[in-house]
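Me: I've got a structure open and I'd like to learn how to read it feature by feature. Could you take me through it?

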Amino acid sequence: MFKKIILGLLLWVSMTHLMAQNTKFTISGTIRDAKTGEELIGASVVVQELAGIGITCNEYGFYSLTLKSGSYTLKTSFIGYEPITNKVVLDKDLKLDINLSNGAELKEVIVSAKKQDENVTKAQMGVEKLDITEISKIPVLFGEKDVLKTLQLLPGVKSAGEGNSGFYVRGGSADQNLILLDEAPVYNASHLLGFFSTFNSDAIKDVTLIKGNSPAQYGGRLSSVLDVKMNEGNDKNYQVKGGIGLISSRVSVEGPIQKEKSSFLITGRRTYADVFLKLSDQFKDNSLYFYDFNAKANYRINDKNRIFASGYFGRDKLGFGSAFGIDWGNITGTLRWNSILNPKLFSNTSVIYSDYNYNIKVSATGTGFKINSQIQDWNLKQEFQYFPNTENSWRFGFNSIYHTLTPSRFQTDSGSRNPQISRFALENAVYANNTYTFNAKLNIDYGLRLSSYSILGGDTYNIYQNNRKSDSVVLAKGNWGKTYFNFEPRVSVSYKLTDYSSIKLAYSRNTQNLHLLSNSTSTSPTDQWIGNSYNIKPEISDQVGLGYFRNFANNAFEFSAETYYKNMQNQVDYKNGADINSAPDVESELLFGKGRAYGLELYLKKKTGKFTGWLSYTLSRTERQMDGISNNNWYAAKQDRTHDISIVGMYQLTTNWSLAANWVYYTGNAVTFPSGKYNISGKTIYYYTERNGYRMPAYHRMDLSATYEQKRTGRYQSSWNFGVYNAYARENAYTITFKDNPDDPTRTQAVQTALFKTIPSITYNFKF
Amino acid sequence: MKNIFFIIIAIVLFSSCEKVIEIDLNSTAPQIVIEGEMSDQVGIYTVKMSKTVNFSDANNYPPVQGATVTISDNTGLSETLTESAAGIYKTHNLLGVGGRTYTLNVNIAGKIYTAVSVLPTLVPLQAIRIIPSNLLRPGQDTGARFIAIPNYIDPFSIGNCYQFIQTLNGKKDNAFIVFNDNVNNGMPNQRPIFSRDLELKKGDTLTVEMRNIDKTVYDYFYSLNQSSGNGPGGGSTPANPVSNIVGGALGYFSAYSTSKKTVIVQ
């Protein structure tokens, strides 16, 4: 009897053991920086025993791997960090938090990439990730390191103009980029008329740009997603960082609230060009500055739950004596709750607020007027990430945004005939996205997003046909107006040709329900956002992409060639001579049309060694067709640039000194120049034949910088950054104007204005 | 507004530099330009006709000669204009009447151009108010510059448009200044006349002519001002102004009512 029991027990044990052989368990956890406690976005965990099996942690540092029970060696690595291996025996669900040490700690920097060949293996294409440490070395105007300007050096991304942080992606307009700061949309990402971006790079942890073929969790813009994540704040020690530059300074403070449980981060920045203005007699009454703050705090409730609060506040002020003043800025706020529901299921819930507004005030004595406009969002997002097995990972969720759009109105001190009535709208989306590893060679990433945009009551909507008001819809508060629905399928497939190369194919549809109306040839703070209406339909784009990816020399070199074709519907533009500020209904001033863009992007990057850098080349074409412009013919969009070249090189000279240089060249923007002239009431007037039929002169420029890292004394670290913008003083045309020759009134002449010649800069950065 | 931004960018960055450049601009076939005006005042009205020239040519615009030009109104009155000088066509007895619709008809070698303009009922200019301007150029002293506000009361009906022509010490200002009543309909005017090239100083003699113009003429001058753009950062994409001439000519035809006031700046 006893024997039988023993036998039975043995049998049971061995049976369960056998079963266990086939049972799967999940190992999950969070990957952090050992020193600061910051989660490392995109760090990878590879199972060394299983070739090709591994995972990249999500944007909150969370990873989850479901494997058959057994013993494994996990290798965790992240760019700029020393890789770690952990031996695990997986016979039950395990939680393993991994802390990586920064490479800087080990004198000799080993820059080991994320998963070194991720660019080849991942299905997604058209994705650019910026390395924050690189950004600080690349020379920029005024020495103020800037993520948006660094992005412009990548293929398919074009600068909006000299020194400008605005950018165009694959032929899209500036408003077709979804710019997210901790999930909150930023409606105007530039300060000081574009010379600075709203992103203070001291506060930034991760920057990812997706050029059109984005997974289904992103939506709402046609051309790209720029996803910027702020640092969480050091949860182990207090740290102060800052920089002092010629025209701006910044400082950030971070530290634990309760050690390893909660932390905070506050950064601030202000320019002081206006201080110099005050010193000069001529300009003492003018003001021109901006400031911004980022603040963030987080609290770990327990192992599985964590809450975050983050915010941004920025404001630009520009004044011209007491007569003229304009100020504009963004406010964003995000409240987020991360929850690990079970080792395979991760949940993120966010409540997000965004606001952009501008105010112009003119107060000439005895009279005054103002123009203002605002867009305000309340946004609820729920996302689940599910990791059922090593082949699959899922993301699904919904997003609901309540928009309040206050149109631009011209108002005098004595009031306005056209009251400023805000419009309301509800934008919803549900989505699911699956990343599936078919086999060692084939990866697929596909998803579907269903989006809707509903006009909510509170205003009267006019309907225009052939430039005339044909009808109007009076929507009382509380009533629902028209709802637009859109299906947005997305799919990306990668196929590995060899261990070091792959081809990828992608298709995606994107829609856009908010439109930026801009009459200027560059972006300006007074451009206004407007939603869909009975005339304005959602913009739709379909993009296909094909790419070849190849790594060389043991992943030290990365090469890619991508082509794309994009078709855009329901594009919006102003009529010629549109009345922008005082028209009773701006919708009467609009034209609608379509667009197409196609191109080839080549990119070669050297990632390791003393000399790093990249070479990027874009050959592209971007066209628009609007009923009512250029006889309804296709014309080159202003951002159409045939060739666009960027070369970036960084060289670590000694342990203290590093050098960097970049050179850019691009075909001049498409512009409209006169093809004749005539006279009206004694004034020379120019005759135009076609929209954007001419080209600005080609643009090229070289910038240089040198960074000196001072010897560390105790906790105190500092560096000097010396830069030269436009090193060979090329006079690039900012504008070309046509006017009467002042010396010979019987003639006319073309005058080119260049904004900057050589601009030196010096910045002192510190950290303790 | 864009101009103000541009000025600020330019003054702040000091280092901007200008130079005259050569650009190879396309040549085009000469286009017809018609500039027709008539008013509610007794006098001779003129329709000027010329052709465009290429940008690189001298500012000599060939006149259009030998055209048949008539102006008629909605009551059946019609008058044929005579070419008094090359490309300049004049009326004889025609007198504009507020409220009537005038049609300009031009026949140039068999090609017909027409334009319609309603002559608005007069809204009188009551006075010119001179106030110190606080819109100063860098370095200018406060109190050195003045600005004029035309006093008139906009009628209650919507769509009234105005054009202002300033003459300072006998010299006419070339700027095209137009107002509409989108903002202050039915109210006494408060807006000053901003003109970039005109500086009013103490002791100057200023004459302001206020014209009540048709909306199509307002649109013409408004879009003419708007489209004087000049590349990135410099304004909107340039285009030809919205004209009320049908048939493919540049220019405008304006029938207006007018009143004038003169003041000494002090």
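Reply: Let's begin with a term we'll need: a nonpolar core is a set of buried Ala, Val, Leu, Ile, Met, Phe, Trp, Tyr and Cys residues joined through C-beta atoms within 7 Å. Keep in mind throughout that this is a predicted model.

Me: How many residues does the largest nonpolar core have here, and which ones have the most contacts inside it?

Reply: The general idea first: in soluble globular proteins, nonpolar side chains tend to be buried together. In this model the largest such core has 90 residues, and Val147(A), Leu151(A) and Val228(A) have the most contacts inside it. Strand β25 (residues 345-362) of chain A supplies the largest share, five residues.

Me: What does Val147(A) touch, leaving out residues up to four places away in sequence?

Reply: Its partners include Leu130(A), Ile135(A), Phe199(A), Ile204(A), Val207(A) and Val228(A). Two serines are on the list too, Ser197(A) and Ser201(A). Apart from this core lies another, of 60 residues, and among its members are Tyr678(A) and Ile685(A) as well as Ile128(B) and Val208(B).

Me: Let's go back to β25(A). Which strands does it pair with?

Reply: Strand β24 (residues 324-342) of chain A pairs with β25(A) in the antiparallel sense, over 18 bridges. These two form a hairpin with two residues between them. To place yourself in the pairing, find Asp327(A), which stands opposite Asn359(A) in β25(A). β25(A) is also joined by 18 bridges to strand β26 (residues 369-389) of chain A, again running antiparallel. There, Asp355(A) stands opposite Gln376(A) in β26(A).

Me: Now backbone angles. Which residues other than glycine have a positive phi?

Reply: As a rule, most residues other than glycine have a negative phi. Two to look at here are Asn632(A), with a positive phi of about 60°, and Ser681(A), with a phi near 45°. Asn632(A) sits in the loop between β39 (611-626) and β40 (635-636) of chain A. Ser681(A) is in the loop between β44 (676-680) and β45 (683-687) of chain A.

Me: Are those two buried or exposed?

Reply: Count C-beta neighbours within 10 Å: 12 or fewer means exposed, 20 or more means buried, and anything in between is partly exposed. Asn632(A) has 11, so it counts as exposed. Ser681(A) has 15 and is therefore partly exposed.

Me: Stepping back, what does chain A look like overall, and why would its radius of gyration agree with a compact globule?

Reply: Compare the value with what the chain length predicts. For 768 residues a compact globule would have a radius of gyration near 27 Å, and chain A has 28 Å, so the two agree. Do look at the axes as well: the C-alpha trace spans about 120 × 65 × 50 Å. Chain A has five helices and 51 strands, and buried residues make up 47% of it. Among its contacts between residues at least 6 apart in sequence, 63% join residues at least 24 apart.

Me: Last one: where is the pLDDT under 50?

Reply: Chain A averages a pLDDT of 85, with 91% of its residues scoring at least 70. Its stretches below 50 include residues 16-20, with two contacts beyond near neighbours in sequence, and residues 105-114, with 20 such contacts. Chain B has a mean pLDDT of 85, and 86% of its residues reach 70 or more. In chain B, pLDDT stays under 50 over residues 1-14 and over residues 229-234. For the complex, the predictor gives an ipTM of 0.90 and a pTM of 0.85.

Conventions: Residues are numbered from 1 along each chain as its sequence is written. Chains are lettered from A and ligands numbered from 1 in the order in which they are written. This is a predicted model: local features need pLDDT of at least 70, side-chain atom pairs count only at pLDDT 80 or more; totals for chains, interfaces and linings use all residues. Helices (H or I, at least four residues) and strands (E, at least two) are DSSP runs, numbered from the N terminus. Two residues are in contact if their C-beta atoms, placed from the backbone, lie within 7 Å. pLDDT is the predictor's confidence in each residue, from 0 to 100. Two strands pair if DSSP finds at least two bridges between them. The radius of gyration is taken over C-alpha atoms; the globule rule is 2.2 Å times the number of residues to the power 0.38.
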